[in-house]
Amino acid sequence: MRKSWMKLVVATTMLVASLAASSAVVTSAGAASASAPGEDSKAVGFIFVGPKDDFGYNQAAYEGSQAVKKAFPNVKVLTAENVPQDDNAARVMEGMVSRGAKILFATSYGHLDAALKVAKAHPDVVVVQQGNFIEGDITPNTGTYFGTVYEPVYLAGIAAGLETKTDKLGYVYAFPIPQTINNINAFELGALSVNPKVKTYTVNTSNWCDPAAQAEATKSLLSQGVDVITQHQDCTATVIKTTEAAGKMTVGYHADASKLAPKGWITGSEWAWDDMYVDIVKTALAGDFTGSKYNANYRVGYKTGENPFVESKFGKIVTAKEKAAVASAKETISTDGSPFAGPVVAQDGKVLFAAGVVPTYAEIEATAVFVKGVVGDLPKS
Amino acid sequence: MNLGLEVLIGGVRGGTSILYAGLGETVSERAGVVNLGIEGSMLCGALGAYAANAASGNPWVGALAGAAAGGALALIHGYFVLDRKSNQLATGLVVLFLALGITSLFGAAYVDEVITPFTIWEVPLLSSIPWIGDIFFKADALTYLSYAMVPLIWWLLFRSRWGLLLRGAGERTEVLRTYGHKPQLVQYIAVLIGGVMAGIGGAQLSTAYANAWFENMVQGRGFIAVAVVIFAARQPFKVMAGSYLFGAALALSPALQARGVSINQFALNAVPYIVTIVVLMIVGKKGASEAPEGLKKVFEMSPG
């Protein structure tokens, strides 16, 4: 017995660590009817991977759900926070279906499998997923939607490339998902477009929100001489405060955090989901979801004029000339250009998009490597 | 900066919160009470410190509030295991989940608050010593305080009369009771010290290191502290070394990545836990035989 007790503690520790990650309520039931998917639904369900007040991704999605509530006073809005990205998500959504929801928003990248499972079990329920990509055939009641997050990030990269004095930018990210890879690439490409010497150093934390790990990552970047830091994390305060305390500059993500960095704030990107959520619900309630633009992998950007991801305001340090450079680039990518307009070269020298090529949103989303100028390797799993 | 130096600096920086929690757990376990809820005490400490700091604008007021919050949670653990004689391991976990819920609920309002964090203060002369100065003497006040806590806890446990009583309580409470002492009071105080120290550790995370509050922000560092205490055989100076080892392991990944070194992030993130398992295998048997007798009872799950 003596030897085994320590193993017990280690095992218990691991068990608890895994338990701590899941805390969603689980219910289950079924429903069926013959009308068009989502038509005349009495309720709309939203699931979020994190808490609704993270001043980031989940809060933005939650605020979108409240816009739906306001726009459709007769429809009940059901929300569930901290829904894990596994089968629990399916159970939470099943519970919402049993409470009358025929329109469901699965708002995290990792909720896709669960969303498709629920959609398959309930052909009369519209299930849309935020940010992932459905491979192959799309059934009449499913779809994914997202903005082109990398467009405002590209513009922020231009401002960062002009502001940096050391020609070293830093990027703290969580996991190498396609959104993040696109953001990092766009940031470096934006900076490169105005500063040929600039490099973007990357550090990942393997966690969407571990403030202490973020502090360590930021300090590691600063010690390499990086003087502008941006991030892709769910909670954003630590990276910004650590950078500001070191007297360096910040590019924000998810929300306007300029008050955390009164001296070093350059600009950033933030969410504005209200219009798109309301329109999706409106389309589904009318029974028009099937065959609509949302019954697909729907992507919008500056070209379509309704990107739900927008630029934050500029900080004090940004000059009029720099703002003009950003404005002119925005004009280009809103008309016939793209942050990824060729030539774009990968880290290993392979040409991703040849000179003169303007890739489509789908082609950009499929990029799985860093571009030249990004320092750091994508972790292999 | 030199990679080795950066990792060592990160080791102290990231290891300090673990050190506080580990020292507290050392005192608690020496008195025969395992508290797996110290992860929860760290959470309460982190939020308590952050909230009091935001309200007062004074980091020390924050640290005191963090200590009080961590101690208060540990007393709940103490009541159940000492008065109600509940299972220590199960109770510790329940207390942790209680803390997780409470801090998530009340912490939401503080996510966007701005605080007055502890600042870095460089010790004159000492900070100019190569390596040593960079690693130990360019730190925040709570880190300096932790240097003093290590010998203090050691002295308290092994050189003071009260420490003798405390260790006695951890070995055989019946003996103490026979001689007219109140072992339960001693154990209560030990559990309280454990919670207070973990609370300061949480305060260090939220108001000196990350300068932010977010739910579940301790992210398992309290459990790492429990592991450190076991493989350090409940010796304060070894706990210190173990905490810095973990801090260094956590600092290795970002330091390598910022240099563009090709690594597997998932393998690297497992390093701290692999270190624990290896050390447990090496010192396991010896550590087990040296454990206070009262603790062995806990782990053997025998009643009482």
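Modeller: Buried area is the accessible area, taken with a 1.4 Å probe, that two parts lose on being put together, summed over both. In this predicted model, chain A and chain B bury about 4600 Å² between them, and 64% of that area is on carbon and sulfur atoms.

Colleague: On what conventions do such values rest?

Modeller: Residues are numbered from 1 along each chain as its sequence is written, while chains are lettered from A and ligands numbered from 1 in the order in which they are written. As the model is predicted, local features need pLDDT of at least 70 and side-chain atom pairs count only at pLDDT 80 or more, whereas totals for chains, interfaces and linings use all residues; side-chain values use heavy atoms, with hydrogens and water left out.

Colleague: How many residues of each chain are in contact with the other chain?

Modeller: Contact means heavy atoms within 4.5 Å. In this case, 52 residues of chain A touch 52 residues of chain B.

Colleague: How many salt bridges and polar contacts does the interface hold?

Modeller: A salt bridge places a side-chain nitrogen of Lys or Arg within 4 Å of a carboxyl oxygen of Asp or Glu. There are 3 of these between chain A and chain B. In one, Arg13(B) is paired with Glu216(A), and the closest N and O atoms are 2.7 Å apart. A polar contact is a pair of N or O atoms within 3.5 Å; within protein, one must be able to donate a hydrogen and the other to accept it, and residues adjacent in sequence count only if both atoms are side-chain atoms. The interface has 13 residue pairs in polar contact, both residues at pLDDT 80 or more.

Colleague: Which elements of chain A each supply at least two residues to the side that touches chain B?

Modeller: Helices (H or I, at least four residues) and strands (E, at least two) are DSSP runs, numbered from the N terminus. The elements are α1 (4-20), β7 (199-204), α7 (211-223) and α8 (237-245) of chain A. The largest share, 11 residues, comes from α1(A).

Colleague: Where is Asp210(A) found, and which residues of chain B does it contact?

Modeller: Asp210(A) occupies the loop between β7 and α7 of chain A. With neighbours within four places in sequence set aside, Asp210(A) contacts Met217(B), Gln219(B) and Arg221(B). Its side chain makes a polar contact of 3.3 Å with that of Arg221(B). A residue is buried under 20% relative accessible area, exposed over 50% and partly exposed in between (1.4 Å probe, protein chains only). Asp210(A), at 8%, counts as buried.

Colleague: Why is the pair Phe46(A) and Phe105(A) called stacked?

Modeller: Rings of Phe, Tyr and Trp (its six-membered ring) pair if their centres lie within 6.5 Å; planes under 30 degrees apart are stacked, over 60 edge-to-face and the rest tilted. The count is 30 aromatic pairs over all chains. Phe46(A) and Phe105(A) are stacked because their ring centres are 4.5 Å apart and their planes lie at 15°. Phe46(A) belongs to strand β1 (residues 43-47) and Phe105(A) to strand β3 (residues 101-106) of chain A, so the pair ties together parts 59 residues apart in sequence. Phe46(A) is buried at 0% relative accessible area, and Phe105(A) is buried at 1%.

Colleague: What geometry do Phe136(B) and Tyr147(B) adopt?

Modeller: That pair is edge-to-face, with 5.9 Å centre to centre and 70° between the planes. Phe136(B) is partly exposed at 23%, whereas Tyr147(B) is buried at 16%.
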